[in-house]
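Here is a short briefing to read alongside the structure.

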Amino acid sequence: MLAERDTGISHSLEPAGTVRVVLASDHESVRSGLHHLFASEPMTSLSEESRGAVEIVLAEILNNVVEHAYAEFPGKIEICVTLRETYLFIRMVDTGLPMPDGELPIGRMSDPKLARDLPEGGFGWFLIRNLSQDLTYDRDGDQNILGFCISVDDRH
Amino acid sequence: MKLDSEHQGEFIVIRTLDDRIDAAGALQFKERMREIVSEPSERVVLDMTNVGFLDSSGLGAIVAVMKALGPLRRLELSGLTPTVEKVFRLTRMDSVFIIHKTLPEGLRHAG
């Protein structure tokens, strides 16, 4: 395992088509962790458009873990991404607080044009649900396990 | 968060020099922007040509800046890159802001 102590990011060699990154629960580590992840195979083979969609989903979930699951204590977040044919299968694990009621937020958003006061938040789960498929959540012991996939059909 | 700003005619033209507005930089972005737009001008345009990535915290910060402009000015945006444009389109925030493909005619990049 290659550990980069400065950023708290570690990166391990996995079978072809899989990348695994572990990062610390703060926003700076999310930024550098995403940078690291997208510089690795198989992410480098994604088209610009797919890359954008995947980065939005990952960033929103990571921000959510940092701000909510690890609101009371810090910890690690593991991201494991596997490319199989035209889908990325993604698994994210943390040991923070469980989701309230054991379920993922619905992520509903109303039309901002109709809002009396424009929303400054609440976009996160809406974007996650919009850009991902087969989203699942499990609490196993002290772990939150999130799974989903994203179609990357247009990759070059 | 680095921003360049310049008064050009009735506009304040602001350019983001960083390549992302994310949760790590959103608060600083909001504070810097509020400082810049506190100066009087008829119109404010944010040139986002350099921004390749925006998350929901960044979007929230841009909405907050728009609100800080008060009822008489709207925040105009220019040069949205594909991923940034996607976030605006999916959240339907593209209907709330004035969005220019490139800087309005006669304006040049700030800085």
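**Where the two chains meet**

In this predicted model, the contact draws 24 residues from chain A and 22 residues from chain B.

- Sorted by class, the side of chain B that touches chain A holds 11 nonpolar residues, six polar ones and five charged ones.

**The hairpin in chain B**

- Strand E1 (residues 3–8) and strand E2 (residues 11–16) of chain B run antiparallel and are joined by six bridges.
- Which residue of E2(B) does Gln8(B) stand opposite? The residue facing Gln8(B) is Phe11(B).
- Two residues lie between the strands of this hairpin of E1(B) and E2(B), and Gly9(B) there has a positive phi near 60°.

**Strand pairing in chain A**

- Strand E4 (residues 76–84) and strand E5 (residues 87–94) of chain A are antiparallel, with eight bridges between them.
- Within this pair, Thr82(A) has Phe89(A) in E5(A) as its bridge partner.
- The hairpin of E4(A) and E5(A) has two residues between its strands, and Glu85(A) adopts a positive phi near 50°.
- E5(A) also pairs with strand E7 (residues 143–151) of chain A, in the antiparallel sense and over eight bridges.
- For that pairing, Tyr87(A) finds its bridge partner in Ser151(A) of E7(A).

**Two packed helices in chain A**

- A handy reminder for this topic: two packed helices are described by the distance between their axes and the angle between them.
- For helix H2 (residues 48–69) and helix H3 (residues 124–131) of chain A, the axes come within 9 Å and cross at roughly 140°.
- Because of that angle, H2(A) counts as oblique to H3(A).
- Is the crossing of H2(A) and H3(A) left-handed or right-handed? The crossing of these two helices is left-handed.
- From H2(A), the residues that meet H3(A) are Ala53(A), Ile56(A), Val57(A), Glu60(A), Ile61(A), Asn63(A) and Asn64(A).
- Their counterparts in H3(A) are Gly124(A), Leu127(A), Ile128(A) and Leu131(A).
- By class, the contact of H2(A) with H3(A) is made up of seven nonpolar residues, three polar residues and one charged residue.

Conventions. Residues are numbered from 1 along each chain as its sequence is written. Chains are lettered from A and ligands numbered from 1 in the order in which they are written. This is a predicted model: local features need pLDDT of at least 70, side-chain atom pairs count only at pLDDT 80 or more; totals for chains, interfaces and linings use all residues. Two residues are in contact if their C-beta atoms, placed from the backbone, lie within 7 Å. Ala, Val, Leu, Ile, Met, Phe, Trp, Tyr, Cys and Pro count as nonpolar, Asp, Glu, Lys and Arg as charged, and the others, Gly among them, as polar. Two strands pair if DSSP finds at least two bridges between them. Helices (H or I, at least four residues) and strands (E, at least two) are DSSP runs, numbered from the N terminus. Axes are lines fitted to C-alpha atoms, for helices over the stretch in contact, and angles run from 0 to 180 degrees between N-to-C directions. Angles under 35 degrees count as roughly parallel, over 145 as roughly antiparallel, 65 to 115 as roughly perpendicular and the rest as oblique. A crossing is left-handed if the near helix is turned anticlockwise from the far one by less than a right angle, and right-handed if clockwise.
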